[in-house]
Amino acid sequence: MRKLIAVSIVALMTAFAASNARAVQPDEIMPDPAKESRARDLSRELRCMVCQNQSIDDSEAPLARDLRLLVRERIAAGDSDAQVIDFLVARYGEFVLLKPRLTPHTLLLWLLPPLALAGGGLALWAHSRRRPKSAATEDEALFKLTPDEEARLERLIAAEPPADKPV
């Protein structure tokens with residue numbers, strides 16, 4: 001039992017360690033830790049053009065490696081973070097950004113999710129307002145018996161044998 005627990009713990013630790021692994025190769029790392037930190041932060045904001053769902057920091061594609069090297073080259077040349085981002089956007093387009101900028105041509109991209117959510121809520125509210133009320137609240141007369149029905153009910157109850165005697 002102890003061996004099974006130990007194997008399970010090792011397997012879980014390996015799985016968690018593997019999920020934190022990055023694609024950055026040792027030969028890409030800059031000697032200055034501050035610049036390397038900037039390069040890693042920028043790499044997490046840039047999309048891999050091959051994978052399209054990963055940042056270049058996570059991707060092992062050759063193009064992602066080239067972009068990581070380009071980011072480090074621009075940082076080594078003294079560019080600010082904004083200048084590096086602007087350079088890559090000018091070269092590859094807005095698609096290279098994982099979080100697109102708020103500009104007139106991306107306005108719909110940013111506003112569509114909240115508008116869709118508000119529209120859905122408004123549609124649900126309108127549907128609940130238009131839905132007919134239940135019959136119980138609208139017409140209580142449906143639950144009242146007519147005099148004929150009351151007389152028939154009384155006859156049926158009187159003709160029924162008492163509950164304590166078996167039939």
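Is R72 buried or exposed, and which salt bridges accompany it across the whole structure?

Analyst: This is a predicted model, in which local features need pLDDT of at least 70, side-chain atom pairs count only at pLDDT 80 or more, and totals for chains, interfaces and linings use all residues. Residues are numbered from 1 along each chain as its sequence is written, and side-chain values use heavy atoms, with hydrogens and water left out.

R72 is buried, with a relative accessible area of 4%; buried means under 20%, exposed over 50%, and partly exposed in between, for a 1.4 Å probe and protein chains only. Its side chain meets that of E36 in a salt bridge, 2.8 Å from N to O. E36 lies in helix α2 (residues 33–45) and R72 in helix α3 (residues 62–76), so the pair ties together parts 36 residues apart in sequence. Helices are DSSP runs of H or I with at least four residues, strands runs of E with at least two, numbered from the N terminus. E36 is also buried, at 9% relative accessibility.

The whole structure holds seven salt bridges, each a side-chain nitrogen of Lys or Arg within 4 Å of a carboxyl oxygen of Asp or Glu. One of them joins D81 and R38, at 2.8 Å from N to O. This pair links helix α4 (residues 81–92), where D81 sits, to R38 in helix α2, 43 residues apart. D81 is partly exposed at 33%, and R38 is partly exposed at 27%.

Another joins D57 and R40, with the closest N and O atoms 2.9 Å apart. D57 lies in the loop between α2 and α3 and R40 in helix α2, 17 residues apart. D57 is buried at 0% and R40 is buried at 18%. Both belong to a salt-bridge network that also includes D41 and R44.
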